[in-house]
Amino acid sequence: MAALAWIAYQLTTLLRTWRPVSEQPLGEPLATHRFRLGTALGAATTGTLLLWRGLGAAGPDGRAIPTLHLLDALNTFLVYLGFTLVLLSLLALFPPGGLALAGAGTAGALTAEAALNAGLLGTAGLVLMGVGASGGGGSSDGTTSESSGGGAESAPGKGPWQAGDTVEGPARGKQLRFPNSRHTVSGSGSGMVKERNSVIMRGHEQEVARDIEGIARGRAEWVKKLSRYRINGRTYGVEDNGTVFPDSGPDIVNLNRIEYGALKEIVRARGDLSAATRLTRDPKFIENPEAIDKALKIYNGIIP
């Protein structure tokens with residue numbers, strides 16, 4: 001909204017100066033003016049549509065942007081924005097960037113205003129990159145992007161947790177990491193479908209994080225027969241790279257290939273079954289409507 005207010009101010013100024021700029025004998029000021037006007041109009045239109053799209057009730061059926069990955073997206077955006085501002089600071093030093101941003105000067109000459117713009121843009125870019133990098137790495141619900149090793153990157157408050165050498169089982173001496181994003185409801189939309197799939201119910205990621213911390217500190221029971229750690233009624237396995245995966249227990253549901261595939265389609269459609277066309281065309285879903293029903297309940301936060 002603040003950005004749209006600034007764009008509106010720029011549009012007002014550009015429209016008020018349309019006639020004086022059009023009377024300039026040189027074509028460069030007119031071209032720059034119209035370029036800035038077109039950019040501002042496009043930004044205002046796109047920004048207004050995005051803002052309108054983001055407003056509305058929250059929830060599976062609402063239009064509001066879900067907060068599940070909002071913090072992660074914001075951190076990533078800040079890094080990209082900072083990098084962009086650093087590039088703009090370099091462009092502000094040289095034509096045509098210096099002329100477009102400073103609004104004055106001759107070709108090949110560096111003006112004081114252009115140097116000031118470059119300094120401000122560069123400083124702002126470095127600050128934003130620092131803020132984004134220090135807060136990045138995970139999302140607000142504890143899910144993270146998949147890595148080539150099948151694990152997940154660490155996030156603030158989500159590990160990794162260093163397990164001591166006295167811990168029994170495969171966790172001994174390893175850095176334990178939060179489960180792969182495919183084990184969360186929101187991450188199942190891009191997760192790999194396997195024969196057996198365990199998913200953490202939405203809103204219980206913090207409990208899982210505390211369980212993993214308990215495993216690292218030796219508070220979990222190592223069930224050698226099952227090759228699982230048991231803590232707070234839930235069981236977990238540990239991969240060779242230290243990534244933990246949920247196995248069973250309260251607020252952890254297990255799905256077969258069809259059920260997980262249905263959940264994947266529902267998540268991609270943001271809960272709108274009419275948009276999940278594959279559910280009505282793929283024979284394996286048509287022949288197993290109970291799988292769709294189970295997946296929809298999980299998406300809506302209901303334990304089937």
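**Strands, helices and cores of the chain**

Strand β4 (residues 221-223) and strand β5 (residues 228-231) run antiparallel and are joined by 3 bridges. Two strands count as paired if DSSP finds at least two bridges between them. This is a predicted model, in which local features need pLDDT of at least 70 and side-chain atom pairs count only at pLDDT 80 or more, while totals for chains, interfaces and linings use all residues. Residues are numbered from 1 along each chain as its sequence is written, and side-chain values use heavy atoms, with hydrogens and water left out.

The hairpin of β5 and β6 has 2 residues between the strands, and N232 takes a positive phi near 55 degrees.

These strands belong to a chain with 10 helices and 8 strands. Helices (H or I, at least four residues) and strands (E, at least two) are DSSP runs, numbered from the N terminus. Of the 304 residues, 37% count as buried, which means under 20% relative accessible area, against over 50% for exposed and in between for partly exposed (1.4 Å probe, protein chains only).

The largest nonpolar core has 20 residues, of which A171, L176, I212, I215, Y229 and Y236 touch the most other members. The elements giving two or more residues to this core are α7 (205-216), β5 and β6, and the largest share, 5 residues, comes from α7. A nonpolar core is a set of buried Ala, Val, Leu, Ile, Met, Phe, Trp, Tyr and Cys residues joined through side-chain atoms within 4.5 Å. Leaving aside residues up to four places away in sequence, L176 touches P160, W161, A163, A171, I212, I215, A216, V238, G242 and V244. Another core, of 18 residues, lies apart from the largest one and has V199, A262, V267 and A269 among its members.

Helix α7 has 12 residues and reaches 17 Å from its first C-alpha to its last, close to the 16 Å expected at 1.5 Å a residue. The expected span is 1.5 Å times one less than the number of residues. Its buried residues are E205, V208, A209, D211, I212, G214, I215 and A216. They pack against β1 (161-162), β2 (175-176), β3, β5, β6 and β7 (244-248), where contact means heavy atoms within 4.5 Å. After α7 comes G218, with a positive phi near 80 degrees.

Helix α8 (residues 257-268) also has 12 residues and spans 16 Å from first C-alpha to last, close to the expected 16 Å. At its start, a side-chain oxygen of N256 reaches to within 3.1 Å of the backbone nitrogen of I258. Because 9 of its 12 residues are buried, α8 is largely enclosed by the rest of the structure. Those residues are E259, Y260, G261, A262, L263, K264, E265, I266 and V267. The buried residues of α8 pack against β3 (197-200), β8 (252-255), α9 (283-286) and α10 (289-299). R270 follows α8 and has a positive phi near 55 degrees.

How values were computed
A polar contact is a pair of N or O atoms within 3.5 Å; within protein, one must be able to donate a hydrogen and the other to accept it, and residues adjacent in sequence count only if both atoms are side-chain atoms.
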